Amino acid sequence: MSNSQLTPGIVPARLPAASYEANFADHEPPLDRHEAQVAADRCYFCHDAPCMTACPTSIDIPLFIRQIATGTPDAAAKTILSQNIMGGMCARVCPTETLCEEVCVREVAEGKPVEIGRLQRYATDTLMAKGVHPFTRAAATGKRVAVVGAGPSGLACAHRLAMKGHEVTVFERRPKAGGLNEYGIATYKSTNDFAAREVDWLLKIGGITVKTGVTLGKDVALADLLADYDAVFLGIGLAGVNALRAAGEDLAGVENAVDFIAGLRQAGDRSTVAVGRDVVVIGGGMTAVDAAVQSKLLGAENVTIVYRRGKEKMSASGYEQEHATQTGVRIIYGAAPVKVTGGARAEAVQFAYTEDSPDGLKLLDEGFTLKADQVFKAIGQTLAGVPEGLTVAAGKLPRHPAPKLWCGGDCAEGGEDLTVTAVAEGRDAAEEIHAALTGAAG
């Protein structure tokens, strides 16, 4: 007998086979040529455009949209990629509703912005479909740089360094390059193995060697890299996961949301991924939303996100929160977990309502209990695997902690934990490294 939404416990194949393909299809279908032209025609091509200022990679948005409007999407793609080499993925996963599109003049005046993200995807997808790489390497400098971490920051750094003529070796602990783009993005946001295809396309620049299955501190030492290479860039991300600090969190059925998302991303057959009947996700960021929505898409009957503060403080955007509720996810604000209950496995989670006070978040006496056979922790990730001798401040690494050493992306201080920000930091670190190695001004 096959499973269904009503089957108790954490089981696979809750839905008919055809449902998985529909549920995990492209969340935002790509624009065709005519749709892109119509969307581009809405742009005012502002001077000192606020959308460009809001973009962490400072893409010349009015220029690339004008290039689409004039029928030259390949030129538009080059405009995008010159600032953001991972513009294809960022077009899919960037919270444009809180970045470029939020400040669009059309949004301010009419409540409907120019569809910048979808136009960016149209341009970059058009170019990538041709197998074209729009950049060429400069003459070889004879300099060698090690990049640790093949996520957005590390790959952006490696590409810019290779373009400048340096030889780059990228060390990645996981079996595949791509970092969170490969392992941490909701499956319906990046379909058809796009993350891997983007990495392959990026490597067409040449001069980059990727070594997977290599862990810093275990398989290779930072001191050796600093001795063997002319410069080192650390883009190691945040490999640790915060604890709930609630009794019972070690019960079976309590899992890290990032592991669940990664497992689903790597599953060839979505129906083989097990999910609970009653799923509770604890957290308020994009990881929480991605885990909750995908649990529902896998066939969970009841999925609830519980966030300890108010709606306005939830780091997942209003658009993402609305998408979650439209998918059938319930969101409860202002409550914190107190205890996971059950015998050998999780059966329920007890919560206390919370109140923001001058002294911080306070648990109230009143609370509630949610039935749960699967509980996902999505309360943030932490820095792990820091090489000996590096100073960590507020859970992050300095950007230039030592001679020959740079850091960027989620592991480094400042900025937001976004793909687009990580790309910008990797790119900018590469420019600094190039200047240090060659004496160039920039």
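Predicted model: local features only at pLDDT ≥ 70, side-chain atom pairs only at ≥ 80, totals over all residues.
Visitor: OK. How many bridges pair β2 with β3, and in which sense?
Guide: Five bridges, in the parallel sense. Strand β2 covers residues 167–172.
Visitor: What sheet has those strands in it, and in what order do they come?
Guide: It's an open sheet of five strands, running β3-β2-β1-β4-β15, with parallel pairing.
Visitor: Which strands stand at the edges there?
Guide: β3 (208–212) and β15 (405–407). Each has a single partner strand, so one side of each is left without a neighbour in the sheet. On average, neighbouring strands of this sheet are turned by 20 degrees against each other, ignoring direction.
Visitor: What about β6, what order of strands is that one part of?
Guide: That order is β6-β13-β7-β8-β9, again five strands in an open sheet with parallel pairing. The edges are β6 (254–256) and β9 (330–333); each pairs with a single strand, so one side of each lacks a neighbour in the sheet. From one strand to the next, the twist averages 25 degrees.
Visitor: How many bridges join β6 to β13?
Guide: Three, and the two strands run parallel. β13 spans residues 374–378, and its Lys377 stands opposite Asn256.
Visitor: Switching topic: pockets. How much space lies in the second largest pocket?
Guide: About 290 Å³.
Visitor: And how many residues line it, and which lie nearest the centre?
Guide: The lining of the second largest pocket has 16 residues, and Thr187, Asn192, Asp193, Arg265 and Arg270 lie nearest its centre.
Visitor: How do those lining residues divide by type?
Guide: Four are nonpolar, six polar and six charged.
Visitor: Which domains does the lining draw on?
Guide: Domain 2 (144–239 + 383–438) and domain 3 (241–380) each give at least three residues to it. As for helices, α1 (17–23) and α13 (257–266) each supply at least two of the lining residues.
Visitor: One last thing: what feature does UniProt place at residues 22–131?
Guide: The unreviewed UniProt entry lists "domain: Dihydroprymidine dehydrogenase" there. In the model, that span is 55% helix and 0% strand, and its end C-alpha atoms lie 28 Å apart.

How values were computed
Residues numbered from 1 in each chain as written. Heavy atoms only, no water. 1 Å grid on protein atoms, 1.4 Å probe; cavity = no way out; pocket = protein on both sides within 12 Å on 5 of 7 lines; lining within 4 Å. Points joined across faces, edges and corners; volume = space filled by probe spheres on them. Helix = DSSP H or I, 4+ residues; strand = E, 2+ residues; numbered from the N terminus. Nonpolar A, V, L, I, M, F, W, Y, C, P; charged D, E, K, R; others polar. Domains from an automatic or database assignment. UniProt positions renumbered as here; feature names shortened; annotations may be inferred. Pairing = 2+ DSSP bridges. Axes fitted to C-alpha atoms, helices over the stretch in contact; angles between N-to-C directions.
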